[in-house]
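Please read them with the structure open.

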Amino acid sequence: MKRYIYLSLMMALDCVATLGFSSCSSSDDDAPKDMTQPVITEQGITANPIDCQVYQRGETIPFHYVFTDDTELGNFNIEIHNNFDHHTHSTSSTECAPADKKAPVNPWVYNKDFTIPAAQRSYDARIDIEIPADIDPGDYHFMVRLTDKAGWQQLKAVAIKIQ
């Protein structure tokens, strides 16, 4: 009887080990890994916003860029914040004449995530962003963070002015 229990236990362990190993491998393991960042491009469109553009409080920023990736896009984020202290994000070589440094009183902060439909390798992103009428005028950064499905990220920071 002991021998029967021992053999049964060994067969069960062998079965569990075999199932465990086979469940760990998948066709995803054989697929090539995404090792490249997505791209934020102006190619073929009139991109907006671009460095040094001026907007009025109470108006709309008509955001428009094209996103591409060699495998699959994931999502993107748009952030707008003041640049009253003249800090930089260094994604553009264009220099805009800055206004005088100042302390914020009622600065605009916009931060929103957007989902890109599944299985997209190219996406024409268009969003109208309302500028509040009661914010501090001055220098602002308009930042786009694009993330692909594998987690790679691309950043584009644009200096804009709001009057």
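1. Going from the N terminus, the elements follow the order α-α-β-β-β-β-β-β-β-β. That gives 2 helices and 8 strands in the chain. The model is a predicted one.

2. An open sheet is built from 5 strands in the order S2-S8-S7-S4-S5, and its pairing is mixed. Strand S2 (54-55) and S5 are the edge strands, each pairing on one side only.

3. Within this sheet, S7 and S8 run antiparallel and are joined by 10 bridges. Tyrosine 140 is placed opposite isoleucine 160 in S8.

4. The largest nonpolar core comprises 28 residues. Phe63, Phe67, Phe76, Ile78, Trp108, Ile129 and Phe142 have the most contacts inside it. At least two residues of this core come from each of strand S3 (60-68), strand S4 (73-82), strand S5 (110-115), strand S6 (122-130), strand S7 (138-148) and strand S8 (153-162).

5. Which residues does isoleucine 78 touch, leaving out those up to four places away in sequence? They are Phe63, Tyr110, Asn111, Lys112, Phe114, Ile127, Ile129, Phe142 and Met143. Among them, Phe63, Ile129 and Phe142 are also listed with Ile78 as having the most contacts inside the core.

6. For the chain as a whole, buried residues make up 31% of the 163 residues. Of the contacts with a separation of 6 or more, 77% are between residues 24 or more positions apart.

7. The accessible surface of the chain is about 10,400 Å². Carbon and sulfur atoms account for 55% of this surface.

Methods. Residues are numbered from 1 along each chain as its sequence is written. This is a predicted model: local features need pLDDT of at least 70, side-chain atom pairs count only at pLDDT 80 or more; totals for chains, interfaces and linings use all residues. Side-chain values use heavy atoms; hydrogens and water are left out. A nonpolar core is a set of buried Ala, Val, Leu, Ile, Met, Phe, Trp, Tyr and Cys residues joined through side-chain atoms within 4.5 Å. Buried means under 20% relative accessible area, exposed over 50%, partly exposed in between (1.4 Å probe, protein chains only). Helices (H or I, at least four residues) and strands (E, at least two) are DSSP runs, numbered from the N terminus. Contact means heavy atoms within 4.5 Å. Two strands pair if DSSP finds at least two bridges between them. Accessible areas come from the Shrake-Rupley method with a 1.4 Å probe; for residues, only the protein chains shown count as cover.
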